[in-house]
Amino acid sequence: MEDRGGWREAAPLATQEVHAGERYDPATGMFVSPIHPAVAFGHETLEDLVETAAGRRDRFHYTRYSNPDFRLAEEKLARLEGCADARVFASGMAAISAALLAHLQAGDRVAAYRDLYGGTWRLLTEVFPRYGIGTRFVDTGDEEGLARAARGARAVYVESPTNPLLREVDLARVAAIAHAAGALSLCDNTFATPVYQRPAEAGIDLVLHSGSKYLAGHSDLSIGAVCGGVEALRPVDSMRRALGGVPDPHGAWLLARSLKTLSLRMGRHTANARAVAALLRADPRVARVHYPGYSGMLSLELASGGPDAVARLCEGLRLFRLAPTLGGVESLVTVPRRTSHLTLSDEDAGRLGITDGLVRLSVGIEETADLLADLRRALGLALGKSS
Ligand SMILES: Cc1ncc(COP(=O)(O)O)c(C=O)c1O
């Protein structure tokens, strides 16, 4: 199989999505990559087996170490993120935990902005402390506080835009703060995707993804990824071998297949979400809309009605499915305080502004008018007609 090249010089994102990492097989004419389900790869000689096992020969050996389908997805995603390389994982949390564990040890400390996905929050506040790794949190956007917390820390961790309040973080400042303190910088890029934000270009060392969301894009694949430079990824690769959180080869292949339409899907998610945000902002029954103007994620707070109105809104929607995920082609709705941010204490949730009345929408790629009609109808069920 050969990479025919020829497209690289121009290489805007949409072209990279389709071609990066793909191989052409002149023997068969096959231009769609095959799937490699093998758990292990054969060797002609014992010497080759031994040398490959020892890591002195760069060959496929055992799928927990690497696999051609992993490499296809990794090369494509690394190119999209503007990173030297990437590693795929079984889920976003497998990627995030392996990336942090790869660079931390007992006694180390993390500095982080407080707005984080609930699973990451739990990892940093409940799991890591059991292994002697603490985290100092500061309010999102408090750069002076982050600089103070970063002093003596091994890693600086942020998410942007944040889940579920869509707060944006200045990633160049975060990278500069981390590097001034001699710490590694990490950013979860799940919500923006490389279509809207390339953290590595801002100086971030490791870019993390729940690929289960926009990258895979169809709510049918659990997968994660870590992108970065060769040096920062080396311990991540080693940790992946040790912990074993690799995806199924077919899943990695599906991720690569889905990445081919990433820009196309994101453009449509954004167009629909902009229309939804405009509708909600003009509606007096909605007190607040959180939307950064790109991607398909937004959250809203109703002006009145309490938890009952929230339930009527969520249950009244027909196209928006009530489900605890995001980034799929179908529109989705959830109440983060009751799902993704369930494990936060009332104090922590209150400090962040994640209330029981906060509703998160993941706007899909359906016909815009249908989504707007669905929302209008459900708002009517929740709070009656707008005057
Ligand atoms: C921003 C963000 N990061 C990470 C994760 C975890 O990803 P996964 O569910 O694939 O483990 C999620 C899941 O919702 C998320 O929203």
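A residue is called buried if 20 or more other C-beta atoms lie within 10 Å of its own, exposed if 12 or fewer do, and partly exposed in between, with the C-beta atoms placed from the backbone. This is a predicted model, in which local features need pLDDT of at least 70 and side-chain atom pairs count only at pLDDT 80 or more, while totals for chains, interfaces and linings use all residues. Residues are numbered from 1 along each chain as its sequence is written.

**The whole chain**

Begin with the protein chain in a cartoon view, where there are 14 helices and 12 strands; helices (H or I, at least four residues) and strands (E, at least two) are DSSP runs, numbered from the N terminus. The radius of gyration of the protein chain is 22 Å, close to the 21 Å that the globule rule gives for 387 residues, so the chain is as compact as a globular protein of that length. That radius is taken over C-alpha atoms, and the globule rule is 2.2 Å times the number of residues to the power 0.38. Along the principal axes, the C-alpha atoms of the protein chain fill a box of roughly 80 × 50 × 35 Å. Of the 387 residues, 49% count as buried.

**The loop between strand 4 and helix 7**

Select Leu166, which lies in the loop between strand 4 and helix 7 and is buried, with 20 other C-beta atoms within 10 Å. The phi of Leu166 is near 60°, a positive value in a residue other than glycine. Most residues other than glycine have a negative phi, and most peptide bonds are trans. Stay in this loop and select Pro161, which lies between strand 4 (155-159) and helix 7 (171-180); a cis peptide bond joins Ser160 and Pro161, with omega about -15°. Then move to Pro164 in the loop between strand 4 and helix 7, where the peptide bond from Asn163 to Pro164 is cis, with omega near 10°.

**Ser295**

Go on to Ser295, in the loop between strand 8 (286-290) and strand 9 (297-302). Is Ser295 buried or exposed? Ser295 is buried, with 25 other C-beta atoms within 10 Å, and it has a positive phi of about 70° although it is not a glycine.

**Helix 3 against helix 10**

Two packed helices are described by the angle between their axes and the distance between the axes. Select helix 3 (residues 68-81) together with helix 10 (residues 249-259), which pack at an angle of about 35° with their axes 7 Å apart. The axes are lines fitted to C-alpha atoms, for helices over the stretch in contact, and angles run from 0 to 180 degrees between N-to-C directions. Among the residues that make this contact are Phe70, Leu72 and Leu77 of helix 3 and Trp253, Leu255 and Leu259 of helix 10; two residues are in contact if their C-beta atoms, placed from the backbone, lie within 7 Å. The residues of this contact divide into 11 nonpolar, no polar and 2 charged, where Ala, Val, Leu, Ile, Met, Phe, Trp, Tyr, Cys and Pro count as nonpolar, Asp, Glu, Lys and Arg as charged, and the others, Gly among them, as polar.

While helix 10 is on screen, select His250, which lies in that helix and is partly exposed, with 13 other C-beta atoms within 10 Å. The C-alpha atoms of His250 and Phe70 are separated by 9.1 Å, although the two residues are 180 residues apart along the chain. Not counting residues up to four places away in sequence, His250 touches Ile35 and Pro37.

**Two further helix pairs**

Next select helix 4 (residues 92-103) and helix 9 (residues 230-243), which pack at an angle of about 115° with their axes 8 Å apart. The residues in contact include Ala98 and Leu101 of helix 4 and Val236 and Met239 of helix 9, and by class this contact has 8 nonpolar, 2 polar and 1 charged residues.

Then select helix 11 (residues 262-281) and helix 14 (residues 368-383), whose axes are 10 Å apart at an angle of about 30°. Here Ala271, Asn272, Ala275, Val276 and Leu279 in helix 11 meet Thr368, Leu371, Leu372 and Leu375 in helix 14.

**The ligand**

Finish at the ligand, which 15 residues surround, the closest being Ser91, Gly92, Met93, Tyr117 and Ser210; a residue is near a molecule if its C-beta atom, placed from the backbone, lies within 6 Å of it. The residues of this shell divide into 3 nonpolar, 10 polar and 2 charged.
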